[in-house]
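Let's take a walk through this structure together. Have the sequence and the 3D view ready, and follow along one stop at a time.

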Amino acid sequence: MRKRFRISELHLLLAPPAVWLTLFFVAPLLIVLVFSVSPQDVNGGVLRGFTLEHYRRIIDPLYLGIMLQSLAVAAITTIITLLLAYPVAYYMAFAAPRTKKILIFLVILPFWTNFLVRMYSFVAILGTDGVVNLVLLKLGVIHEPLQLLHNTFAVYVGFVYGNLPYMIMPIFAALDRMNTSLLEASMDLGAGPVRTFWKITLPYSYSGVAAGIVFVFIPTLGNFVVPEILGGADNVIIGNLINRQFLTSRNWPFGSALSTMLVFGLMVVITIYIRYFDPMGKKRLTTG
Amino acid sequence: MLELRNVTRKYGAVVAVNNVSLTVPKGEFFCLLGSSGCGKTTILRMIAGFEQRTSGQIILNGRDMADEPAYRRDVNTVFQNYALFPHMTVSDNVGYGLRIRKCTRPEIDRRVGEALAQVGLTGFGVRRPDQLSGGQQQRVALARALVNRPSLLLLDEPLSALDKKIAEQTRLELVELQRRVGITFIYVTHNQTEALALADRVAVMHNGVIEQCGTPSDIYEHPRSRFVADFIGSMNFFEGQVVSRTERSCRLRLWETWDVEVHKPVTIAAGERILYCLRPEQLKLSLLPPSDQANSISAILRSKVYEGETTRYILELANGRKISVSQNNYIARLWHDFYDVNEEYLLVWNCSSGEIIRA
């Protein structure tokens with residue numbers, strides 16, 4: 001007979017990831033926390049001591065503005081990505097099995113190329129002598145190259161493009177689980193296709209939409225590569241700000257304070273997600 | 001009233017439903033019976049509007065429905081997997097159709113309450129489907145369909161996912177409910193017991209066509225084809241030909257060996273090949289030769305299978321054919337009838353028993 005494992009023995013399975021997370025996630029986080037309350041060493045690094053001066057500095061309207069802009073960029077990116085991803089996920093979920101496999105493959109295909117390389121490729125696409133401008137000029141649609149790069153538009157293009165798979169996949173997974181007889185039942189009860197979508201399909205996919213929002217919103221908020229490569233001078237979001245504190249301004253404590261704020265902010269978002277969207281299915285287990 | 005006229009459904013070269021015509025009067029409990037792939041579910045789905053017919057007419061209350069979308073048909077369906085909306089409470093599930101039809105809030109509440117009471121689920125309205133047992137979910141699906149008072153209710157194997165005891169109990173409730181609400185039911189099943197117990201009329205389907213349509217007793221007692229005779233219950237087939245016939249009876253020769261009298265009029269001419277069908281319960285084992293109103297063939301008892309209410313005896317004829325006889329155990333005990341394996345007995349049956357069909 002097969003041996004049944006006891007719960008305490010199963011806990012051992014958690015040991016390797018626990019060690020990994022402690023070493024490479026919790027420890028650096030604690031270091032950042034300590035840095036954020038330490039005085040600044042002008043040569044870079046930190047001095048011994050305790051100060052809240054860096055947190056006080058965050059309240060400066062300049063930095064608050066950047067934070068609000070970051071939230072806005074992440075939110076708008078998330079909304080655009082959602083609007084583009086949903087129809088794709090919907091089509092995939094109800095496609096024939098063969099088409100479905102091909103589409104899944106196409107959605108994850110971009111991951112075969114490095115993110116940075118893909119962002120630089122947009123420079124070639126959107127630049128003044130880029131593919132888009134060349135085509136439009138040749139077609140005579142425009143006579144002067146358009147400024148498509150180094151502005152807010154380019155930042156959104158980069159963010160939306162990079163995030164699409166992360167939004168498509170969870171929504172697809174949710175819709176793919178849905179039994180088509182639910183749609184038939186809705187039609188059978190008198191609801192047309194549009195009402196069936198709003199009352200049955202969309203609510204059914206909420207868990208996937210919520211997961212997609214989290215997967216897109218959070219990385220976008222902390223990202224600094226996309227505005228750096230595709231953005232202009234005023235496309236600074238919190239990721240760039242932190243990046244500059246560490247690499248350019250050599251102000252590690254202030255960078256740490258900003259990072260700490262970001263981490264706590266995101267923890268709030270994730271807590272809300274877990275509370276209201278029940279991704280672990282806890283409610284189902286306890287009330288069932 | 002529902003009428004199907006020459007309805008055909010093809011999937012490429014495959015003909016799922018082949019030129020089916022049938023009429024179901026208002027208030028009837030009609031059953032489509034057949035094994036999987038016979039086309040019964042396709043017919044149901046065409047009536048509901050989930051499938052398009054390739055040709056033919058589907059007429060409901062005098063109007064051809066074939067091109068109407070599912071959401072404009074006065075038809076509701078109870079799905080095999082119930083298809084309850086998982087993100088809604090039981091009440092919201094049942095009230096869905098009424099909300100779509102823009103009924104007022106008080107009317108929705110009243111009718112949902114009535115529908116839940118009808119299926120014995122009063123007080124379950126606030127629950128979610130995944131908090132209900134299979135039998136309860138089935139009732140919710142039923143209430144959700146009935147609450148709209150459709151002129152036609154379609155049921156796609158609604159009891160197949162339930163365990164046997166609950167299915168049997170629900171079966172009785174279903175018949176009672178149908179009588180009470182008076183809505184026409186079209187019920188698809190592969191389970192012949194269900195079909196015989198529930199339906200006013202049964203259509204037996206095979207390879208996309210209706211083999212026979214009639215009352216349960218008609219189907220069981222007077223099968224008109226070998227398929228129907230074999231599919232419903234168990235049946236012994238005696239091959240033979242008509243030797244002679246009169247107006248009210250005929251003489252058959254079975255396997256060129258045994259001559260038997262059958263007191264039934266036949267339209268089959270003398271000399272033609274026939275199948276003589278006898279149910280196991282129409283046959284009896286005996287040691288004594290029968291009266292002149294009965295036929296007999298001698299056979300050797302090869303095995304007995306105890307089935308509780310009855311015992312099934314398998315006998316072998318002189319030509320090696322196996323014949324199955326079913327006898328009531330209670331009556332056998334009253335009469336002190338015991339039969340031993342490998343002994344020779346007489347297979348006896350009444351001259352008026354059995355059906356003769358063309359081979």
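**Starting from one glycine**

A:G130 touches A:A124 and A:I125, leaving aside residues up to four places away in sequence. You can find A:G130 in the loop that runs between α6 (115–126) and α7 (131–139) of chain A. Is A:G130 buried or exposed, or something in between? A:G130 is partly exposed, because it has 18 other C-beta atoms within 10 Å, and being buried would take 20 or more. Now look for A:L12, which is 118 residues from A:G130 along the chain: the C-alpha atoms of the two are 55 Å apart.

Next, move on to helix α13 (residues 238–247) of chain A. Here A:I238, A:G239, A:L241, A:I242, A:N243 and A:Q245 are buried. Among the elements that cover the buried residues of α13(A) are α4 (61–93), α11 (206–222) and α14 (252–277) of chain A.

Chain A also meets chain B. The contact takes 18 residues from each of the two chains, A and B. On the side of chain B that touches chain A, β6 (75–78) and α2 (90–100) of chain B are the elements that give two or more residues. The largest share, 3 residues, comes from α2(B). By type, this side of chain B divides into 9 nonpolar, 7 polar and 2 charged residues.

Finally, remember that this is a predicted model. Chain A has a mean pLDDT of 89, with 94% of its residues at 70 or more. Within chain A, confidence is highest in helix α8 (residues 152–177), at 95, and lowest in helix α15 (residues 282–287), at a mean of 43. Across residues 282–288 of chain A the pLDDT is below 50, and this stretch has 5 contacts in the model beyond near neighbours in sequence. Where pLDDT is low, predicted coordinates should not be read in detail.

How values were computed:
Residues are numbered from 1 along each chain as its sequence is written. Chains are lettered from A and ligands numbered from 1 in the order in which they are written. This is a predicted model: local features need pLDDT of at least 70, side-chain atom pairs count only at pLDDT 80 or more; totals for chains, interfaces and linings use all residues. Helices (H or I, at least four residues) and strands (E, at least two) are DSSP runs, numbered from the N terminus. A residue is buried if 20 or more other C-beta atoms lie within 10 Å of its own, exposed if 12 or fewer, and partly exposed in between; C-beta atoms are placed from the backbone. Two residues are in contact if their C-beta atoms, placed from the backbone, lie within 7 Å. pLDDT is the predictor's confidence in each residue, from 0 to 100. Ala, Val, Leu, Ile, Met, Phe, Trp, Tyr, Cys and Pro count as nonpolar, Asp, Glu, Lys and Arg as charged, and the others, Gly among them, as polar.
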